[in-house]
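Please read the following account with the sequence and the model side by side.

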Amino acid sequence: MNSNISTGNNSEPVNDPQTVVDQAFGDELLATEWLRWWALVGLFTLIPIVFVVFKLVVPATFSRIFGDAPVLMSITVVCGLGIAYELGVRWILFPRVGAGKRSFELARIANTVEEVSIPTVGIWLLTYAVDPVAALVSPAAEAYYLFIALSALRLDFRHCLLAGATAALQYMALAAWLLQRSGVQDAGPLSEFVFYLDRAAILFVVGACTALVTWRFRDVIERAVGLVGERNRVVGIFGQHVSPQVVNQLLEQQTQQDGEARDVCIMFLDIRNFTSFSENRSPEQVVEYLNKLFGFMIEIINRNDGIINKFLGDGFMAVFGAPLSQGQDCRNAVRASVEIVERVTQETESGQIPPTRVGIGLHTGRAVTGSIGSHQRKEYTVIGDVVNTASRIEQLNKQFESQILVSEAVWSALDTRPEPVAMHPDVSVKGRAEILQLVQLA
């Protein structure tokens, strides 16, 4: 049994919340239709069995209630027609699922009206076995409530209203017609049309209440699907370079991703002598080497509340303070830098990786952060002079034969400062007129 449904031909991934909701409901429509189908077929099968058991177990009571009327035959015929109709629905309505949303919806509307009409047919056939008044107040009339309740599985309040209105109108019209027939026995208030008018009103109210419950239920589902869509949107923007903690905070704080100015600390990392290393090794060996290095480096960055924004072949750019800030961005960046250098040294000394040195540059300042691109492809990025300066500082590691250089802005932002290896005052940076004060930490 295939319970998948496609109500459109859009094969492109979408981020629009309403489209996500529509697709989520479209995927569930056929499943609920199958549930309704099995419930109704089971009901139509069970009802004749119940009456047969009733007649066999307490025949005297059965005869006293129904007399010689062929009630069992009438019930069997009605339920048989119901099963035949549901089999027709199986072969007519369900194939329309792939025929388009409008065609499927029109078929469902017709199906709702037709199913609610089954109790009407049952009451009418029952009048050939019992008095019309008895038929109007028989359990067959109570079946309207069952079909109204099952309309909730359509996940559309309009179908519930339609079921309630159809049941009320048909019951009211049938009562008016039957009470005008000759031979109707006087049953006191039960012979008055106003009695059945009240029952018809109750049927409509039940349909309206079911519609209200369905509308509320759908609203709850839409909100839930919207939250899932938001989570997928955030994960889609940041991908695997965001730690799970950052993703959860983004979802909780509803951070704006279209673009905002904020203070960040930028880290640039470069693997020294990578070109000469890769010249003498196969591409597979180079990839394996980079994966080992980046594996623990990413873990360290994530653990210190940063994100890897870009991989740059033999290095990367990391951001601390965006998309979220813990208030200690410079401290986290410095701590991550020291941990990376220490871990590289450990891995090298243990023989896990070839002899490796890295160069890290840190700078902090104001930047514009957000998603840049089109609806087809977006990337979270950071733009500003702080990025260019951090890159230039990293390159100065070659000049000073160092591994970690931080700007005076980063150094001043630290509440607890590690012991510096050296101070480099009045450093000229390529492309900048401003003289920088740098601190060497490794």
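Asn273 lies in the loop between β1 and α10; helices (H or I, at least four residues) and strands (E, at least two) are DSSP runs, numbered from the N terminus. Asn273 is exposed, with a relative accessible area of 63%. Here buried means under 20% relative accessible area, exposed over 50%, and partly exposed in between (1.4 Å probe, protein chains only). Although Asn273 is not a glycine, its phi is positive, at about 55°. Most residues other than glycine have a negative phi. Asp305 is another residue other than glycine with a positive phi, near 65°. Asp305 is found in the loop between α11 and β2, and it is partly exposed, with a relative accessible area of 28%.

This is a predicted model, in which local features need pLDDT of at least 70 and side-chain atom pairs count only at pLDDT 80 or more, while totals for chains, interfaces and linings use all residues. Residues are numbered from 1 along each chain as its sequence is written, and side-chain values use heavy atoms, with hydrogens and water left out.

The protein chain as a whole contains 15 helices and 8 strands. It has 442 residues, of which 43% count as buried. Contact means heavy atoms within 4.5 Å. Among the contacts in the chain with a separation of 6 or more, 71% are between residues 24 or more positions apart.

Two strands pair if DSSP finds at least two bridges between them. β1 and β3 pair in the antiparallel sense over 6 bridges, and Met267 has Ala318 of β3 as its bridge partner. Strand β2 (residues 306–311) is also antiparallel to β3, joined by 5 bridges, and the partner of Lys310 in β3 is Met317. The hairpin of β2 and β3 has 3 residues between the strands, and in it Gly313 takes a positive phi near 75°.

In soluble globular proteins, nonpolar side chains tend to be buried together. A nonpolar core is a set of buried Ala, Val, Leu, Ile, Met, Phe, Trp, Tyr and Cys residues joined through side-chain atoms within 4.5 Å. The largest such core in this model has 37 residues, and those with the most contacts inside it are Met267, Met297, Ile301, Phe316, Ile340, Ile360 and Val406. Among the elements that give it two or more residues are β1, β3, α11, α12 and β6. The largest share, 9 residues, comes from α11. A second, separate core of 32 residues includes Ile75, Ile118, Ala175 and Tyr196.

Val406 belongs to β6, a strand with both faces covered: Ile404 and Val406 are buried on one side, and Leu405 and Ser407 on the other. β6 runs antiparallel to strand β8 (residues 435–440), to which 3 bridges join it. Within this pairing, Val406 stands opposite Val439. Apart from its neighbours within four places in sequence, Val406 is in contact with Val334, Leu362, Trp411, Gln437, Leu438, Val439 and Leu441.

Two packed helices are described by the angle between their axes and the distance between the axes. Axes are lines fitted to C-alpha atoms, for helices over the stretch in contact, and angles run from 0 to 180 degrees between N-to-C directions. α11 and α12 pack at an angle of about 155°, with their axes 10 Å apart. That makes α11 roughly antiparallel to α12, since angles under 35 degrees count as roughly parallel, over 145 as roughly antiparallel, 65 to 115 as roughly perpendicular and the rest as oblique. Residues making this contact include Leu293, Met297 and Ile301 of α11 and Ala336, Ile340 and Val344 of α12.

Helix α6 (residues 139–150) and helix α7 (residues 157–179) pack at an angle of about 165°, with their axes 9 Å apart. These two helices are therefore also roughly antiparallel to each other. Their contact is made by Ala141, Tyr144 and Ile148 of α6 and by Ala163, Gly164, Ala167, Gln170 and Tyr171 of α7.
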